[in-house]
Amino acid sequence: MIYLDNSATTKPHEDVLKTFLAVNEQYFANPASIHRAGVESNALLTKAREQLANILHTEEKNILFTSGGTESNNAAIFGLAKSSNFRGKHIITTEIEHPSILEAVKRLEEEGYEIDYLKVNKYGIISLEELKQKLRKDTIIVSIMHVNNEMGAIQPIKEAAQIIHKQCQAMFHVDAIQSFGKLPVLFEGDEGPDVISVSGHKIHGLKGSGLLAFRKKPQLKAFIVGGGQEFGLRSGTVPVPQAAALAKAARLAVENMPVHVQNYKKWSAELHHFFEQFDQEVYILSPKDGAPHILSFSVKGLKGEILINALQKRDIIVSTSSACSSKQTKTSHVVEALNIDSRYKNGVLRLSFGTNNTDEDIAAFKKQFSVVMKELKGEITQ
Amino acid sequence: MKNTIYLDHAATSPVAPEVIEVMARAMAEESGNASSIHTVGRRARKALDEARTSLAQKINAKSSEIIFTSGGTEADNMAIFGTAYARQHEGKHIITTQIEHHAVLHACEKLEKEGFTVTYLPVDRTGRVSADQVKAALREDTILVTIMYGNNEIGTIQPIAEIGEVLKNHITTFHTDAVQAFGLEKIDVEALHIDLLSVSAHKINGPKGIGFLYAKTGVKVSSLLHGGSQEKKRRAGTENVPAVVAFSKAADLVEEELQLRKEKYNNFKNILIEQFRVANIDFHINGHQTDVLAHVFNVTFPGTDVESFLINLDMAGVLVSSGSACTAGSIDPSHVLVAMFGQDAPELRSSIRFSFGLGLTDELVREAGKRTAEIVKRLTS
C-alpha cells in the first residue's frame, strides 16, 4: 500500500515510538509530584521543553504543551482574545484557515468580537495590501496559517509580521502545523510571528500531542483551567512521554528536513509535469512554489470520492482536500476561496508526502492514476 | 539508597504492560486519521468505535454518549463550561462542593467572574456532603450540580445515588468527576441519574493524555474545543486512536479485577495500620470510614511537619504525597483538609496520602509502613 495522505496524519517514526515507550516505562510519575519519581519525570519534561525551545529558536518558558494542533489553535485564539480584549475586539484571519481557527473566531464573533477575513488569490495567497488596509488600532490578533493544509500555499509570514508589528500592537499567531519540518522555523531572524502552533502527528510524532510556542513571554489567558500546570496556562497532568516523543519527532523532522524536502520537491515537480500532460482534464491547485509536500489537483467533472476509491483499489491512498471535513459533502471552504472553475470543484484530491515515501511510490501513483483516468474518462492522450 | 516503593497511584499510575502492548500495536497498525474516508482511515475508525462501545458499557452508557478528551481536566472543564454556556439562558446558578478537584473549582471560579453564581457546599469532618444539603441549595435557576464521586485526597465517596434521586426531577444537569472512582467503584450512570461524568485513563494504568466525558443523550453541553467535526462535532481534534484503544484495554483490565483490587487495597490499609500500631506511633485516618475509595489512604501523624516528613519519606524511598499532585509542586495546605477541619487545624500540617495500585504487594506495603513509622518516631521524639 502506498500512503500519500501524510497531511492528514503520519505514521509515528520508529525512534519516536521507542522514546514514548521508554519514557512510559521509566518515568511514569506525575511531573507535578514532589517526590523523587516526580522530580525525575519533571526533569525529563524540562529537557523536552529545552530541546523544543532550541529547535524553535525560543526559550523554554515560552513552550506550552497541548493535546494537539486543534487545542493549540483554539488556545491561541481564545487565550489571546481574552487576555487582550481590553485593547479592542478586532481580529484578522484568512478565508482559508483550518477549521480550528475559523470555528474559534466564529465563536468569538458570537461574543461580540469583530472578525475580518483576508481573501486569497487563485494561488491561495493573501494580499499584504489588504492586510495593511484591514489592520486597525483595536486589532488584537492576526492569525494566518503558514502552509495551507488543503493545497500547500505558503503565506508571506515575515512580510506580514513586519506590517503587523509596525502598524499596531496585535499579536501575530501562525498555524505552523503543516509547515513545521518542511519549511524554515518561523522564529529564526528578527521578524516573525509572536506565537505558533505545532502538532505532533503531522511530523511522524504522536497523536494527542502538540504545542504552542511564543517568541517572548506567553501572554494569554488559560483556556483549560485546574491544577495550574504549564506555568498556569494549561492545566491537566502533563503527559511526559508525549512531550519527550514530540521533542524527538521535532528533532528528527528538522534534522532530516534537507533530505526529505529535496525528495518532496523532486516529486512535486515531477507530478506537476505529469498532470500538465492531461491538459484540460486536470487542474493543479497547488502553486509550483508552494509547500513541497502537498500537491492538490482536480479532475474535471469527476467526484473526488470516485477517484479516491478507484485509486484505493490499486493500493494508492490519497484523500480529498482534508480529513477533518472529509465526511462533509459540500465543497471545502478553501476550494471555494480559490474561486476555481466550477467544473473542477468536486474532484479535488490531495497528495501529501511523508518521510516514508519513495521514488517508487510516485512512479506507482503515476502509473495507476493513468489507468484510472483511462477507465473513468476513456482514452486520453498523454 | 533504599528501593523505592511507589504509593502515589492517585497522582498517576504506571501503564500496564498489556496496555502498552496494545497501544504500540495501534500506533503501528491503526496510525491513520479516523476521519479519513480511505481504508487506512476506516481501520482507525473501526478501532475507535470498538473502544468507545467497550468503554461506554463499563458505565452502562451508549457509545454515542462518550466524548473523548485529552484527559480528566479537559473533561471536567468541558462539563462545567459546556453546561454553563449551553444553558445560561435558563439560569446561572451552579452547585458544587468545597472539596472538588481544581479542574472543577477553578472552572467554577472563572464562571463566577463571568456572572454565574456558585454555591460551594461545605463538607463534614469525613469529607461528605449530604443529599439534603444539595436539596436545600437547589434553586429554580440551578443549571448545574457538580459533585465528585470519590475524593482524590481523602478517598471519601459522596452519596451520589441519593443526590441523583434528589436531582432527577429538577431541570439541573448533574455532573460527577469520577476520575478517581472509575475502575474502583462500579458506576451505572442510568441507575445513578448522572448526566455528565468525567474519567481519565492515566489513573487506571492507561496512558496520559486521554480521558472521556460521558454526556447523556439530550443533555446540552457546548464544545470546549472547536474545529473539525470529530466526536459528533462535540470535541474537535484528530482522534487519538492509539490512546483510546489503550484506554479501553486499561478499563477492561481494572474491571476484571475490580473486586479483587478493592479487597487487596483494603488489606493494604490494614497492613499500614498494623505497622503504625506495632510501632506505637500516634496517627488517625482521614476520610469516611466505610464510604471510601479503596486505593486512597489519608493519614494524619500528629506532631509531624509535612514538608520535612515528605523529604524524609522520599529519602527512605517511600513515595507518597501530601494531597494532590496537581497543585503543581506547592505544599499549600490542602483545600480538602481545610474544608474538613478548618483553617488552622493541625491536620493541615501533618497529613499524607498513600495511594495504591499496580505492582504493590503486601510485603512492599508492610515495608513502606515500617519505614514511615520509623520516620514518624524520629520526627516526633
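Modeller: A polar contact is a pair of N or O atoms within 3.5 Å; within protein, one must be able to donate a hydrogen and the other to accept it. The model here is predicted.

Biologist: How many residue pairs meet that rule across the interface of domain 1 and domain 2 of chain B?

Modeller: The rule finds 26 residue pairs in polar contact there, both residues at pLDDT 80 or more. Helix H9 (258–278), strand E10 (296–300) and helix H11 (335–341) of chain B each supply at least two residues of the domain 1 side. H11(B) gives the most, with 6 residues. That side divides into 16 nonpolar, 13 polar and 6 charged residues.

Biologist: Why is the pair Arg128(B) and Asp291(B) called a salt bridge?

Modeller: The cut-off is 4 Å between a side-chain nitrogen of Lys or Arg and a carboxyl oxygen of Asp or Glu. The closest N and O atoms of Arg128(B) and Asp291(B) are 3.2 Å apart, so the pair qualifies.

Biologist: How do you know that the two domains touch?

Modeller: Contact needs heavy atoms within 4.5 Å. By that rule 35 residues of domain 1 of chain B are in contact with 36 residues of domain 2 of chain B, so they touch. The area buried between them is about 3,100 Å², with 52% from carbon and sulfur atoms. In domain 1, Leu258(B), Leu293(B) and His335(B) lose the most area to domain 2, together 20% of what that side buries.

Biologist: How much area do chain A and chain B bury between them?

Modeller: About 4,900 Å², 61% of it on carbon and sulfur atoms. Phe28(A), Arg36(A) and Lys207(A) lose the most area on the chain A side, together 16% of what that side buries. In residues, 64 of chain A are in contact with 69 of chain B.

Biologist: What makes Asp314(B) and Arg36(A) a salt bridge?

Modeller: The closest N and O atoms are 3.6 Å apart, and the limit is 4 Å, so the pair counts. The count between chain A and chain B is 1 salt bridge. Polar contacts there join 20 residue pairs, both residues at pLDDT 80 or more.

Biologist: Which element of chain A gives the largest share of the side that touches chain B?

Modeller: H4(A), with 5 residues. The chain A side divides into 29 nonpolar, 24 polar and 11 charged residues.

Terms used: Residues are numbered from 1 along each chain as its sequence is written. Chains are lettered from A and ligands numbered from 1 in the order in which they are written. This is a predicted model: local features need pLDDT of at least 70, side-chain atom pairs count only at pLDDT 80 or more; totals for chains, interfaces and linings use all residues. Side-chain values use heavy atoms; hydrogens and water are left out. Buried area is the accessible area (1.4 Å probe) that two parts lose on being put together, summed over both. A polar contact is a pair of N or O atoms within 3.5 Å; within protein, one must be able to donate a hydrogen and the other to accept it, and residues adjacent in sequence count only if both atoms are side-chain atoms. Helices (H or I, at least four residues) and strands (E, at least two) are DSSP runs, numbered from the N terminus. Ala, Val, Leu, Ile, Met, Phe, Trp, Tyr, Cys and Pro count as nonpolar, Asp, Glu, Lys and Arg as charged, and the others, Gly among them, as polar.
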